[in-house]
Amino acid sequence: MRSIWNGAISFGLVSIPIKLVNATENHSISFRQIHLADGGRIRYRKVCELDEEEVSGGEIGKAYEDADGTMIPITDEDLAQLPLPTAKTIEIVAFVPADRIDPLQMDAAYYLSANGVPAAKPYTLLREALKRSNRVAVAKYALRGRERLGMLRVVDDVIAMHGLLWPDEIRAPQDAAPDGDVTVRDAELDLADALMDTLGEVDMDSLHDDYREAVEELVAAKAAGEIVLPAEPEDTGDGKVIDLIAALENSVRAARKSRNVEGAGDGDGNGGMADVHPIKKTPSKTSGAAKRTTHRTPTGKTVTRSGSSTAKKSAPKATGAKKSTSTTKKSAGSAGSAGSRTTARKTATKTAPATAKKTATKKRTSSSGGTTAKKTAPSRKRTSA
């Protein structure tokens, strides 16, 4: 980048040689004035009012116009002799918090670049001091024939300077506020807050000049000889708000719709896919009936159990003897049939006590033979006794 000014930063007794570089650039599309009849370009020529002759740039000087119209010539030599200590120096006068600077004073922005190797050390010192203090430097400098006010702050690893307007150049906001007392209701404030929350934040790098792009497309179409159709104007409402509440509600709905459309294909959104919800399992009639089972044991007690554990825990009580129950389980395990165990448990649960005894006796007899039956018989006698 080309420097527009060379000088130094005066930081107490420390002098830092720097170069001033423009930090901004203008992307506006400029037009030329032409003669509509033949398309010839219209140029401005500098003509002397006295002799009506065109004057070149080398023959033009400066003058101050007095109140009565008298021209007082001022030469560059006159200005150079003025005691202007900031002619080649950016003189830091104070360090203040950034919020002390009114944004209304902000003007052009510049980058300050270290001029030469010796300037690197004091330049870095000032930069790091500004970073650590969380403050900005207020300075005075001269540029384009006048003394100006500036603010120095750190941007990444570079010291930037914002030109500031002098405090007496800021107009007071007189007659800018609405006339009369206006009352705002809480409901309106709530809708305004909702609209602000819906709009949320924005990535400043994503903002661009739509009008400039439209002008560029218009120029390209005209250069190619294409016919440009006028765009349909948007309904802005002519600045008339009939119902503030309705306008705020419509704004919130429009903002939410716009945000949903913009985020449809983002990684944070659903990418246009529907939400998937797990299907709830419906319990079957059998499992629902098996939740709580009530039956009477051989001893005459009424027992309530839940699930399949009812059959398991009821089987020992149905026989009334631990040995018979273990014999039945072992016999069923040696037979290797899971289906017979399930059948025995269901039968023991659903049938009457007498039927359960007969079924258990037949099962033990078929699985273990006569010896098991003999052992079970005494157990029945003891139970009945």
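Is Arg127 buried or exposed? Arg127 is buried, at a relative accessible area of 14% (buried means under 20%, exposed over 50%, partly exposed in between, with a 1.4 Å probe and protein chains only). The model is predicted, so local features need pLDDT of at least 70 and side-chain atom pairs count only at pLDDT 80 or more, while totals for chains, interfaces and linings use all residues. Residues are numbered from 1 along each chain as its sequence is written, and side-chain values use heavy atoms, leaving out hydrogens and water.

**View 1. A salt-bridge network around Glu128.** A salt bridge is a side-chain nitrogen of Lys or Arg within 4 Å of a carboxyl oxygen of Asp or Glu. Arg127 and Glu128 form one at 3.1 Å, N to O. Glu128 also pairs with Lys131, with the closest N and O atoms 3.8 Å apart. Glu128 and Lys131 are three residues apart in helix α2 (residues 120–133), so about one helical turn separates them (helices are DSSP runs of H or I with at least four residues, strands runs of E with at least two, numbered from the N terminus). Shared partners join Arg127, Glu128, Lys131 and Asp157 into one network.

**View 2. The salt bridge between Lys62 and Asp76.** The closest N and O atoms are 2.8 Å apart. Because Lys62 lies in strand β3 (residues 62–65) and Asp76 in helix α1 (residues 76–80), the pair ties together parts 14 residues apart in sequence. Lys62 is partly exposed, at 49%.
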